[in-house]
Amino acid sequence: MKNKYIEIKNLERVYQPSSKVKVDALRGLNISIKEGEMVSVVGSSGSGKSTLLNILGGLDWDYRGEIIVDGKDIREYDENYYRRYIVGTIFQTFYLIPTLNVEENILLPLKFGKKMSKKETHERLEKLLDAVGLADRRDHMPKELSGGQAQRVAIARALIDQPKIVLADEPTGNLDSKTGAQILDLLNKLNKEEKTTMIVVTHDMKIADKTERKIKLVDGRNV
Ligand SMILES: Nc1ncnc2c1ncn2[C@@H]1O[C@H](COP(=O)(O)OP(=O)(O)O)[C@@H](O)[C@H]1O
Ligand SMILES: [Mg+2]
């Protein structure tokens, strides 16, 4: 286990939507996360949580400072490789493809990613369907699923490529509190079983209480 698996040093992000408007969304974040750790990022709306997650996810490169993952600056990774095999992402609104069934949604990343053998793919799919409790729903379409089930499909899809880090931005934001708590229990279980480092953004303290450690953001700084 590496103690400083993710190191965020002096991270700054300024949005400049027009010449007159400037938003200091992140103002010098310093965070270390251990390999295999499960942390939450908490803070009120506008504190910079999504900005941080987008940068960590390789979706936004317009930042200052340094992000080291597994000893290497993320700018030095091949971008596609980074987004496919280093990070997996889960969003509040699930983003399932409505015309694909549960199984096809989970397998979708493999269409673009590394070629797993048929046998490996089958084993990985069965393991994840079992882990997220959807083995009997594999043929269902997204519209036939509850919110909690849809999010469990999105979790399995994020994990199919065995990413090192799972990033979740308000994964319980569209769910009732009981279902949200179950999603966190599932992420905790997968964190242990798959040894995936997990970063869960939430503004809900009850959800954050379910993680090993909380990182609190206030106005773009960690406190
Ligand atoms: N694309 C953008 N353009 C301009 N300002 C943005 C953009 N995205 C976010 N912001 C601003 O940056 C700050 C942090 O936003 P965000 O990271 O979305 O916070 P959170 O996820 O904690 O609610 C807010 O003031 C927000 O309005
Ligand atoms: Mg946000």
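So, ligand 1: around it sit Tyr15, Pro17, Val23, Ala25, Gly43, Ser45, Gly46, Ser47, Gly48, Lys49, Ser50 and Thr51, where "around" means that a residue's C-beta atom, placed from the backbone, lies within 6 Å of the molecule. Strand 1 (6-18), strand 2 (21-33) and helix 1 (49-56) each give two or more residues to that shell. Helices here are DSSP runs of H or I with at least four residues, strands are runs of E with at least two, and both are numbered from the N terminus. Helix 1 has the largest share, three residues. By class we get four nonpolar, seven polar and one charged; nonpolar is Ala, Val, Leu, Ile, Met, Phe, Trp, Tyr, Cys and Pro, charged is Asp, Glu, Lys and Arg, and the others, Gly among them, are polar.

Quick housekeeping. This is a predicted model, where local features need pLDDT of at least 70, side-chain atom pairs count only at pLDDT 80 or more, and totals for chains, interfaces and linings use all residues. Residues are numbered from 1 along each chain as its sequence is written, while chains are lettered from A and ligands numbered from 1 in the order in which they are written.

Strand 10 runs antiparallel to its partner, strand 9 (213-218), over two bridges, and Val218 stands opposite Arg221.

Now the helices. How do helix 3 (102-112) and helix 5 (147-159) pack? Their axes are 7 Å apart at about 30°, with axes being lines fitted to C-alpha atoms, for helices over the stretch in contact, and angles running from 0 to 180 degrees between N-to-C directions. So helix 3 and helix 5 are roughly parallel, the word for angles under 35 degrees; over 145 is roughly antiparallel, 65 to 115 roughly perpendicular, and the rest oblique. Val102, Asn105, Ile106, Leu108 and Pro109 of helix 3 meet Val153, Ala156 and Arg157 of helix 5, contact being C-beta atoms, placed from the backbone, within 7 Å. That contact has six nonpolar, one polar and one charged residues.

Helix 3 also meets helix 4 (118-131): the axes come within 11 Å and cross at roughly 130°, which makes the pair oblique. Here Glu103, Ile106, Leu107 and Leu110 of helix 3 touch Thr121, Leu125 and Leu128 of helix 4.

Technical notes: Two residues are in contact if their C-beta atoms, placed from the backbone, lie within 7 Å. Two strands pair if DSSP finds at least two bridges between them.
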